[in-house]
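Here is a briefing on one chain. Please read it beside the sequence and the model.

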Amino acid sequence: MNEEMKVDAAAEEIKEEKAAESQEETLKEPQEAVREEGSPAEESTQEAQENSSQEQPEVGAEPEKKGFFGKKKEKKDKKDEQIADLTDRLKRQMAEFDNYRKRTEKEKASMYIVGAKEIVEKILPIVDNFERGLGVVPQEQMEDPFVTGMSQIYKQLMTTLEGLGVKPIEAVGAEFNPDFHNAVMHVEDDSVGENVIVEEFQKGYLYKDFVVRHSMVKVAN
């Protein structure tokens, strides 16, 4: 009887031990599954850490400036730069054109003056011949129709030249000026001042303040 009770007690202990072991295995399986799969909170925390590590700028790098109107502002700045550049180019071209216009006008004026001086210079010998011819006419023949006609033609020629800006250079009684006079003879004369023109051999002429021909004169020392 005692031996049967001992066997039964040993069997019950074995059953209890197996039941405890099975219960422990049952409790371990969900914990391991949770460890393997990971909790949602842990996953979200891990993702947040990864995102923060990705978004964190590198050391020494300038933070990127972003704004709601960032792209529009950049386009506007480029447009303003282009407008300023084009305006500067236009001002430079206008200044260059103005300088070119002034230079061209000056060159045209100088070319016109040079050409006019050459023409006047070729006409002056004709004027000299009129003056020589009329200068030798006797006083009693001044009323002769031929002489009167020549005198009128001479006056008309001189009026035309004066209208074009041609005028004779003052000589007799004026002080000698090498810019306008050409001294071909000197004379000692106490009745006039020193360096004064006493006689004119050939008239000199100006065209618009430019000397076409110097006066040939005699100067008193």
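The chain averages a pLDDT of 78, and 68% of the residues score at least 70. Here pLDDT is the predictor's confidence in each residue, from 0 to 100. This is a predicted model, in which local features need pLDDT of at least 70 and side-chain atom pairs count only at pLDDT 80 or more, while totals for chains, interfaces and linings use all residues. Residues are numbered from 1 along each chain as its sequence is written, and side-chain values use heavy atoms, with hydrogens and water left out.

**Confidence**

- Across residues 32–41, pLDDT stays under 50.
- For that stretch the model has four contacts (heavy atoms within 4.5 Å) beyond four places in sequence.
- Where pLDDT is low, the predicted coordinates should not be read in detail.

**Nonpolar core**

- A nonpolar core is a set of buried Ala, Val, Leu, Ile, Met, Phe, Trp, Tyr and Cys residues joined through side-chain atoms within 4.5 Å.
- Buried means under 20% relative accessible area, exposed over 50%, and partly exposed in between (1.4 Å probe, protein chains only).
- The largest such core has 13 residues, of which Val120, Val127, Met158, Val166, Tyr205 and Tyr207 touch the most other members.
- At least two core residues come from each of α3 (70–135), α4 (145–163) and β4 (205–207).
- Helix α3 gives the most, with six residues.
- Helices (H or I, at least four residues) and strands (E, at least two) are DSSP runs, numbered from the N terminus.
- Leaving aside residues up to four places away in sequence, Val166 touches Val120, Leu161, Tyr205, Leu206 and Tyr207.

**Aromatic pair**

- A search of the whole structure finds one aromatic pair.
- The ring centres of Phe130 and Tyr154 are 6.2 Å apart and their planes stand at 35 degrees, so the pair is tilted.
- Phe130 in helix α3 and Tyr154 in helix α4 are 24 residues apart, so the pair links distant parts of the chain.
- Rings of Phe, Tyr and Trp (its six-membered ring) pair if their centres lie within 6.5 Å; planes under 30 degrees apart count as stacked, over 60 as edge-to-face and the rest as tilted.
- Both Phe130 and Tyr154 are buried.

**A buried aspartate**

- Asp128 is found in helix α3.
- Asp128 is buried, with a relative accessible area of 7%.
- Not counting residues up to four places away in sequence, Asp128 touches Gln202 and Arg213.

**Sheet**

- Three strands make an open sheet, ordered β2-β6-β3, with mixed pairing.
- Two strands pair if DSSP finds at least two bridges between them.
- The edges are β2 (181–187) and β3 (196–202), each with a single partner strand, so one side of each has no neighbour in the sheet.
- From one strand to the next, the twist averages 35 degrees.
- Strand β3 runs antiparallel to β6 (residues 215–220), and five bridges join them.
- Glu199 has Lys218 in β6 as its bridge partner.

- Most residues other than glycine have a negative phi, and most peptide bonds are trans.
- Lys208 is not a glycine, yet has a positive phi of about 55 degrees.
- Lys208 is found in the loop between β4 and β5 (210–213), and counts as partly exposed at 43% relative accessibility.
- Asp209 also lies in the loop between β4 and β5.
- Asp209 has a positive phi of about 70 degrees, although it is not a glycine.
- At 62% relative accessibility, Asp209 counts as exposed.

Conventions:
Axes are lines fitted to C-alpha atoms, for helices over the stretch in contact, and angles run from 0 to 180 degrees between N-to-C directions.
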